[in-house]
Amino acid sequence: MDIDVPHLSDRHFRSIVDLIQGRVGIQLPPSKRTMLEGRLRKRMRALDLETLEAYGRHLFDDGHLAEEYVHLVDCVTTNKTDFFREPAHFDILRQEIVPHLTHSGGRPLLKIWSAAASTGAEAYTLAMVLQDMIAAGHDFTYTILGTDISTEVVRVAQTAIYPDDMLAAVPAHLRRRYVMAARDPARRQGRIVPELRSRVRFQHLNLMDAHYGIDSDVHVIFCRNVLIYFDKPTQKTVVAHLAAHLRPGGYLVVGHSESMAGAGVAGLTQVTSTVFRKAKEPAR
Ligand SMILES: C[S@@+](CC[C@H](N)C(=O)[O-])C[C@H]1O[C@@H](n2cnc3c(N)ncnc32)[C@H](O)[C@@H]1O
């Protein structure tokens, strides 16, 4: 019998660490224990439990893990995101990636995947850049899929409503075109216009799954600021799995602190430190 301490017991901390690393891929070293406990307190209160130890028992001793699991995943994931985060990637998309993928003409349909989409700012940044290229006369169409393991962020992404503070990162000319201000300015939020919303959809997906159920002819995958939470073997497995969903000549973009994750993965050539390209099929 565990003594009812305000913190998680070592046994329950270990159980959460093993469960999350095994199913989600995220590593939770002892240095993250205080952060984890802080986030779990919210769940403890929501369930009317007195201590984190009682929350641990709720999960692992009283058989409530299955029903609590989605909330646990929401708690352990870090969902920080921004519009135009790491802006150099959107310059390279505009100047190199899209021209390479569309040079043969014929109004191609570009399939884009934001593979750890959080609340959707990355997917809608991609949509703004692509729509702006089309407005400037480039001849292609596109669809964007945003996926994430956290059901809570997928729900927020589907609303396409963002606080003004976040929208401030969108360049003014794109904000005027692609963001509708709330009717009541006191709400301090805006919504992405229907023209972009109709091109972007969001769904739940765990990058650790053996099968993604995603098309395998994707043109561009953005998988940024998630690999950093995984250990090196998991990073390589996930990148190889993502690469299998790229069409020959397609691109994978990782976060600036994740350049090592794509290096040395079979079939991928490094274009810049964080942009990789899948080999084209040999000409027949
Ligand atoms: C820090 S955010 C990055 C968001 C966006 N890519 C960006 O760079 O702004 C990382 C996201 O990865 C998601 N994530 C973590 N582990 C995942 C997994 N195994 N499968 C899918 N998404 C995962 C988290 O829920 C979180 O929303």
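Good morning. For a chain of 284 residues, a compact globule would have a radius of gyration near 19 Å, and the protein chain has 21 Å, which agrees. That radius is taken over C-alpha atoms, and the globule rule is 2.2 Å times the number of residues to the power 0.38. This is a predicted model: local features need pLDDT of at least 70, side-chain atom pairs count only at pLDDT 80 or more, and totals for chains, interfaces and linings use all residues. Residues are numbered from 1 along each chain as its sequence is written.

Let me continue with the overall picture. Taken along the principal axes, the C-alpha atoms of the protein chain fill a box of roughly 70 × 55 × 30 Å. The protein chain has 12 helices and 10 strands; these are DSSP runs numbered from the N terminus, helices being H or I with at least four residues and strands E with at least two. Of the 284 residues, 35% count as buried. A residue is buried if 20 or more other C-beta atoms lie within 10 Å of its own, exposed if 12 or fewer, and partly exposed in between, with C-beta atoms placed from the backbone. Among contacts between residues at least 6 apart in sequence, 73% join residues at least 24 apart. Two residues are in contact if their C-beta atoms, placed from the backbone, lie within 7 Å.

I turn to the domains. The domain assignment gives domain 1 (10–76) and domain 2 (88–278), with bounds that come from an automatic or database assignment. The C-alpha centres of domain 1 and domain 2 lie 30 Å apart. Their contact takes eight residues from domain 1 and 10 residues from domain 2. Which element gives the most to the side of domain 1 that touches domain 2? That element is α4, with three residues. The residues on this side of domain 1 divide into four nonpolar, two polar and two charged. In this grouping, Ala, Val, Leu, Ile, Met, Phe, Trp, Tyr, Cys and Pro count as nonpolar, Asp, Glu, Lys and Arg as charged, and the others, Gly among them, as polar.

Helix α4 itself spans residues 65–76, and L72, V73 and V76 are buried in it. Seen down the axis of α4, these buried residues fall within an arc of 100°, so they line one face of the helix; the arc is that of the directions from the helix axis to the C-beta atoms. The cover over the buried residues of α4 includes α1 (10–23) and α2 (33–46).

G56 counts as buried, with 24 C-beta neighbours inside 10 Å. Leaving aside neighbours within four places in sequence, G56 is in contact with L8, S9 and H12. G56 and L8 are 48 residues apart in sequence, yet 6.6 Å apart in space, C-alpha to C-alpha. By contrast, D48 lies in the loop between α2 and α3 (52–60) and is exposed, with 7 other C-beta atoms within 10 Å. D48 has a positive phi of about 65° although it is not a glycine.

Now to the ligand. Of the 24 residues around the ligand, T77, T81, A116, S118 and L207 come nearest; a residue is near a molecule or strand if its C-beta atom, placed from the backbone, lies within 6 Å of it. The shell divides into nine nonpolar, 10 polar and five charged residues. S118 sits in the loop between β1 (109–114) and α6 (121–135). With 25 C-beta neighbours inside 10 Å, S118 counts as buried, and its phi is near 50°, a positive value in a residue other than glycine.

Next, helix α7 (residues 151–159). Is the part of α7 formed by V153, V154 and A157 buried or exposed? These three residues are buried. They cover an arc of only 105° around the axis, which puts them on the same side of α7. T151 and R155, on the other side of α7, are exposed. The buried residues of α7 have a cover that includes β2 (141–148) and β6 (200–204). After α7 comes A160, whose phi is positive, near 60°.

K278 counts as buried, with 22 C-beta neighbours inside 10 Å. Not counting residues up to four places away in sequence, K278 touches A243, L246, P248, G249, G250, G267 and L268. The C-alpha atoms of K278 and Y251, 27 residues apart along the chain, are separated by 6.3 Å. Thank you.
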